[in-house]
Amino acid sequence: MFSSTDHLMMARALRLAERGAYTTRPNPMVGCVLTRGDDIVGEGFHVKAGEPHAEVLALRAAGERAKGATAYVTLEPCAHVGKTGPCTDALIAAGVSRVVAAMRDPFPQVDGAGFEKLKAAGIAVESGLMEAQARALNRGWLSRIERGRPWLRVKLATSLDGRSALASGESKWISGEASRVDVHRWRARAGAILTGAGTVLMDDPSLTVRFDDDTAFVPPLRVVLDPGLATIARGRVREGNAPTLYIHAPDAKPPRGIEAQTASAPVIDGRFDLAAVLKLLAARDINEVQIEAGATLAGAFLAAGLVDEILLYVAPVLLGDRARPLFDGLHIDEMTQRLNLTIVESRRIGNDVRLLLQPKVEDAAAT
């Protein structure tokens with residue numbers, strides 16, 4: 001169905017789309033390549049919400065050469081008026097002859113309407129090329145649209161013997177400097193960095209993105225789960241230009257004047273309803289949440305079946321049996337209860353190994 005040229009051009013469109021990883025949210029990352037034969041005549045990617053979409057930028061670059069061209073786009077072109085006009089109208093007006101999309105857009109205001117509008121204008125439409133890669137690229141946005149909650153990633157550093165901190169709680173630093181730099185790339189693509197009050201009190205993290213170069217990014221929301229608002233007047237998590245949200249129990253009363261920085265979530269048996277917390281963040285247009293917390297909170301999310309991805313930095317050190325585990329509260333007593341993970345990626349980062357892991361589908365479905 002699709003030629004080698006089709007695959008080559010869609011792969012390029014996906015690489016272009018990824019260039020917006022730090023800036024497009026809450027919108028999806030989208031790339032577009034326009035070709036005539038084997039020649040690229042225009043290309044673009046969506047940079048920031050409210051700014052032109054990938055198709056429009058590619059059409060601008062192509063000019064008159066867009067007439068009769070094939071457009072390779074990583075997501076179905078929009079057919080509705082949002083902060084910008086419909087991309088379908090721009091493609092039709094430019095006279096493209098064929099549109100190849102990686103996937104259909106599940107957003108209710110699009111969801112096939114873009115394809116139908118293009119077909120009605122006499123444009124050949126094909127979809128499904130490299131769909132798995134396109135879905136992986138926008139897994140956070142798709143999670144919010146299709147599941148009503150953000151994609152949840154837990155970031156952890158571990159010793160070779162599976163320990164995340166000393167018995168005292170001290171954890172600086174298990175991983176090496178290269179890993180700590182790498183974490184900022186993952187923070188930058190997240191819509192929110194979430195931690196607990198205990199981590200704020202123990203480690204006093206800033207939870208900001210810090211780059212040594214001029215890489216553009218939208219500062220992620222810092223989220224602190226603090227049922228009694230014990231940390232609201234302290235810590236570096238309040239400093240800098242990144243916004244901070246404190247999620248508290250319904251009976252806690254925020255100090256006057258900072259209500260906008262707080263939100264309440266249900267508490268069940270003394271613990272936050274973590275699914276409700278994620279829905280609250282989805283309502284704030286958060287696509288990806290990165291958890292940077294201790295074993296108790298990380299374990300609670302994992303035990304609740306809410307973890308989609310684990311970003312694990314394994315350092316060549318040993319901390320001993322008195323040190324704290326990666327996850328607490330899993331209560332696994334038999335091998336049949338174990339949680340199986342799939343290694344999505346393994347990469348050397350300095351002296352450490354970075355593993356990207358996802359719960360296996362059968363285990364996720366069982367929870």
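Accessible areas here come from the Shrake-Rupley method with a 1.4 Å probe, and for residues only the protein chains shown count as cover. This is a predicted model, in which local features need pLDDT of at least 70 and side-chain atom pairs count only at pLDDT 80 or more, while totals for chains, interfaces and linings use all residues. Residues are numbered from 1 along each chain as its sequence is written, and side-chain values use heavy atoms, with hydrogens and water left out.

**View 1. The whole protein chain.**
The protein chain exposes about 17400 Å², with carbon and sulfur atoms supplying 51% of that area. Its secondary structure comes to 11 helices and 18 strands; helices (H or I, at least four residues) and strands (E, at least two) are DSSP runs, numbered from the N terminus. The radius of gyration is 23 Å, close to the 21 Å that the globule rule gives for 367 residues, so the chain is as compact as a globular protein of that length. That radius is taken over C-alpha atoms, and the rule is 2.2 Å times the number of residues to the power 0.38. Along its principal axes, the C-alpha trace spans about 65 × 50 × 45 Å. Buried residues make up 50% of the 367; buried means under 20% relative accessible area, exposed over 50%, and partly exposed in between (1.4 Å probe, protein chains only). Of the contacts in the chain with a separation of 6 or more, 70% are between residues 24 or more positions apart, where contact means heavy atoms within 4.5 Å.

**View 2**
Two strands pair if DSSP finds at least two bridges between them. Strand β1 (residues 31–36) pairs with β2 in the antiparallel sense over six bridges, and R36 has D39 in β2 as its bridge partner.

**View 2. Helix α3 and what covers it.**
Which residues of helix α3 are buried? In this helix (residues 87–94), they are C87, T88 and L91. They cover an arc of only 105 degrees around the axis, which puts them on the same side of α3; the arc is that of the directions from the helix axis to the C-beta atoms. The cover over these residues includes α2 (54–62), β3 (70–73), β4 (98–101) and α4 (113–120). Just after α3 comes G95, with a positive phi of about 85 degrees.

**View 3. The nine-strand sheet.**
Here the order is β11-β10-β9-β8-β14-β6-β15-β18-β17, in an open sheet with mixed pairing. Its edge strands, β11 (262–264) and β17 (341–349), each pair on one side only. The twist averages 25 degrees from one strand to the next. Strand β10 (residues 244–248) pairs with β11 in the parallel sense over three bridges, and H248 stands opposite S264 in β11. Helix α6 (residues 139–147) packs on the sheet and touches β6 (151–158), β14 (288–291) and β15 (309–314), its direction making about 135 degrees with that of β6. Helix α7 (residues 177–189) lies across β6, β8 (192–196), β14, β15, β17 and β18 (352–359), running at about 165 degrees to β15.

**View 4. Strand β8, covered on both faces.**
Five of the five residues of β8 are buried, so the strand is largely enclosed by the rest of the structure. A192, L194 and G196 sit on one side, with I193 and T195 on the other. β8 pairs with strand β9 (residues 221–225) in the parallel sense over five bridges. Across that pairing, I193 stands opposite R222 in β9.

Not counting residues up to four places away in sequence, I349 touches A178, S179, D182 and R354. The C-alpha atoms of I349 and V33 are separated by 32 Å, and the two residues are 316 apart along the chain.

Terms used: Axes fitted to C-alpha atoms, helices over the stretch in contact; angles between N-to-C directions.
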